[in-house]
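Thank you all for coming.

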Amino acid sequence: MNGRPPAPPEVAPAAPGCVAGAVHSWDTSVGVDGPGTRFVVFLAGCPLRCRYCHSPDTWYGRSGRRRTVDEMVTLATRYRRFIQVAGGGVTVSGGEPLLQPAFTGELLRRCHDLGLHTALDTSGFLGVRADDALLDATDLVLLDVKAGNPQTYRRVTGTGRLAPTLRFAQRLADRGTPMWIRYVLVPGLTDAVDEVERVADIAAGLATVQRVEVLPFHRLGAHKYAELGLTFPLADTEPPDADLLARVRGQFTARGLTVT
């Protein structure tokens with residue numbers, strides 16, 4: 001990798017005044033993509049190749065279909081009453097949504113203007129692409145901090161660097177944007193005591209972190225690798241046991257962080 005962010009996925013031009021993007025899929029969820037019941041839009045394309053990724057089918061822009069912001073807002077509006085009563089909102093996820101910043105920003109803005117709670121689920125690797133208007137329309141950032149050591153980050157993602165995520169996290173804190181930090185716990189990859197200590201220190205140093213989600217590694221996406229003819233790098237890795245989960249969550253809790 002040459003260190004420069006990759007180009008956005010190519011999408012056919014939309015009608016004048018209508019922003020279009022490569023959308024992989026959408027769905028509703030409860031409790032896993034932000035607070036309450038969420039309408040979640042998954043965008044296609046991601047510059048990272050995380051060893052534990054459970055959605056390899058979202059890696060490339062070509063795996064998405066061209067959709068306009070108007071279309072996605074219309075779909076979200078169908079669930080508006082339901083998600084508002086359930087204390088939820090709209091989450092833009094991926095893939096990596098900041099690979100398509102114009103589409104992501106416009107979708108967040110339109111939903112925000114409708115009075116819907118908005119969340120951005122991102123690795124932060126392309127945080128420099130999020131302008132202030134996009135973040136002004138974002139009520140919550142779900143930020144994946146994949147490692148605290150640059151070398152570990154490289155081992156986890158295959159293609160990324162830790163520094164852009166840290167710069168983005170500090171920018172969010174400085175501007176007062178609420179964050180939920182996400183950390184995927186993988187035995188033998190991200191479970192070392194000193195590794196977790198680094199991530200816990202990072203989270204504790206960010207004033208707007210509301211909670212930390214320690215996410216146990218799982219192999220639920222293994223069948224997607226098989227369907228795509230890809231090798232799942234962690235096919236032989238077991239999920240963390242209860243003792244390991246308790247230890248890691250305790251390392252975050254020890255810094256006064258709220259942990260789930």
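Predicted model: local features only at pLDDT ≥ 70, side-chain atom pairs only at ≥ 80, totals over all residues.

By salt bridge I mean a side-chain nitrogen of Lys or Arg within 4 Å of a carboxyl oxygen of Asp or Glu. R67 counts as buried, at 17% relative accessibility, whereas E71, at 32% relative accessibility, counts as partly exposed.

Residues are numbered from 1 along each chain as its sequence is written, and side-chain values use heavy atoms, with hydrogens and water left out.

Staying with charged pairs, R255 forms a salt bridge with D201, and there the closest N and O atoms are 2.7 Å apart. R255 lies in the segment after α9 (242-253) and D201 in helix α7 (residues 193-204), so this pair ties together parts that are 54 residues apart in sequence. The helix and strand names come from DSSP runs numbered from the N terminus, with helices being H or I of at least four residues and strands being E of at least two. R255 is partly exposed, with a relative accessible area of 26%, and D201 is also partly exposed, at 45% relative accessibility. Salt bridges that share partners, meanwhile, join D121, R182, R211 and E213 into one network.

How many salt bridges are there by this rule? The count comes to 14. One of them is between D57 and K224, with the closest N and O atoms 3.6 Å apart. Because D57 lies in the loop between β2 and β3 (65-68), and K224 in helix α8 (residues 222-228), the pair ties together parts that are 167 residues apart in sequence.

Now let us turn to the largest pocket, where about 1,100 Å³ of space lies. On a 1 Å grid over the protein atoms alone, a pocket is an open set of points where a 1.4 Å probe fits, with protein on both sides within 12 Å along at least five of seven lines, and the lining residues have an atom within 4 Å of a point. The volume is the space filled by probe spheres set on the points, which are joined across faces, edges and corners. Which residues lie nearest the centre of this pocket? They are D33, H54, S55, D121 and R182, out of 41 lining residues. The strand that gives the most to the lining is β1, with six residues. The lining divides into 15 nonpolar, 15 polar and 11 charged residues, where Ala, Val, Leu, Ile, Met, Phe, Trp, Tyr, Cys and Pro count as nonpolar, Asp, Glu, Lys and Arg as charged, and the others, Gly among them, as polar.

Next comes the interior. In soluble globular proteins, nonpolar side chains tend to be buried together. Here the largest nonpolar core has 67 residues, of which Y52, L107, M179, I181 and F252 touch the most other members. Such a core is a set of buried Ala, Val, Leu, Ile, Met, Phe, Trp, Tyr and Cys residues joined through side-chain atoms within 4.5 Å. If we leave out residues up to four places away in sequence, M179 touches a list of residues including L140, V141, L172 and L206.

Let me finish with some individual places. L245 lies in helix α9 and is buried, with a relative accessible area of 13%. Beyond its neighbours within four places in sequence, L245 is in contact with L185, V214, P216 and P240, contact meaning heavy atoms within 4.5 Å. S123, in the loop between β5 and α4 (132-136), is buried too, with a relative accessible area of 6%. Finally, a cis peptide bond joins G94 and G95, with omega about 15°, and G95 has its place in the loop between β4 (89-93) and α3 (101-113).

Conventions
Buried < 20%, exposed > 50% of the residue type's maximum accessible area, 1.4 Å probe, protein only.
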